[in-house]
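Here is a short walk through one protein model. Keep the sequence and the 3D view side by side as you read.

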Amino acid sequence: MVAFSVDLVTFPWLASLELCWACGEVITDHVIRALERAYHLSCFTCATCKQEIGEQAFAQGEVGEVYCLRDYYRKYAPKCNACNKLIIPKEDGTDSYNVQCLGNSYHENCYRCEVCVIQLSPEPNEHGCYPLEGKLLCKTCHLNLVSGQH
Ligand SMILES: [Zn+2]
Ligand SMILES: [Zn+2]
Ligand SMILES: [Zn+2]
Ligand SMILES: [Zn+2]
């Protein structure tokens, strides 16, 4: 996920030839430049909540529409298969680790063996995940289950 920020340009004589990407009208006032496009300040809004994004961080959706980060994550963030909450970056902007296994996404902290609840490593090592029949398992529990099946 990449968050963009905006350069506010306040030169009307430069702006006068630009068309707004959202409404198609000439921009004679402040130009918002984002994603190599130009917008009216009032047209550069979140596709979901319609709030002006201004100089806030935002993200781009599938067809070029923009979202405030909160709505972007609501729409696009993967859901953790263990706790059912969205996997979104923390308040300080660092990405929360999204572990993918068996086609599902997990918070790093939710990526645990389903039997003994030990936290699994996203790396394919001794402490990694040894899935069996769609279950996340640590190596020990995997081996126990396999030997128990005989
Ligand atoms: Zn516009
Ligand atoms: Zn929004
Ligand atoms: Zn989770
Ligand atoms: Zn285990």
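Which residue in E3 is the bridge partner of Ala34? The partner is Arg37. This is a predicted model. The two strands involved are E2, residues 31-34, and E3, residues 37-40. They pair in the antiparallel sense, over four bridges. Two residues lie between the strands of this hairpin. Leu35 takes a positive phi there, near 55°.

The largest nonpolar core has 13 residues. Ile53, Tyr67 and Cys68 have the most contacts inside this core. E2, E3 and strand E5 (66-68) each supply at least two of its residues. E5 gives the largest share, with three residues. Look at Tyr67 in particular. Leaving aside neighbours within four places in sequence, Tyr67 is in contact with Cys46, Ala47, Thr48, Phe58, Ala59, Gly61, Tyr72 and Lys75.

Now turn to the loops. Most residues other than glycine have a negative phi. Lys50 is not a glycine, yet its phi is positive, about 65°. Lys50 lies in the loop between E3 and strand E4 (58-60). Is Lys50 buried or exposed? Lys50 counts as exposed because it has 9 C-beta neighbours inside 10 Å, and the cut-off for exposed is 12 or fewer.

Glu133 also has a positive phi, about 50°, without being a glycine. Find Glu133 in the loop between strand E7 (104-107) and helix H3 (139-148). Glu133 has 6 other C-beta atoms within 10 Å, so it is exposed.

Notes
Residues are numbered from 1 along each chain as its sequence is written. Chains are lettered from A and ligands numbered from 1 in the order in which they are written. This is a predicted model: local features need pLDDT of at least 70, side-chain atom pairs count only at pLDDT 80 or more; totals for chains, interfaces and linings use all residues. Two strands pair if DSSP finds at least two bridges between them. A nonpolar core is a set of buried Ala, Val, Leu, Ile, Met, Phe, Trp, Tyr and Cys residues joined through C-beta atoms within 7 Å. A residue is buried if 20 or more other C-beta atoms lie within 10 Å of its own, exposed if 12 or fewer, and partly exposed in between; C-beta atoms are placed from the backbone. Two residues are in contact if their C-beta atoms, placed from the backbone, lie within 7 Å.
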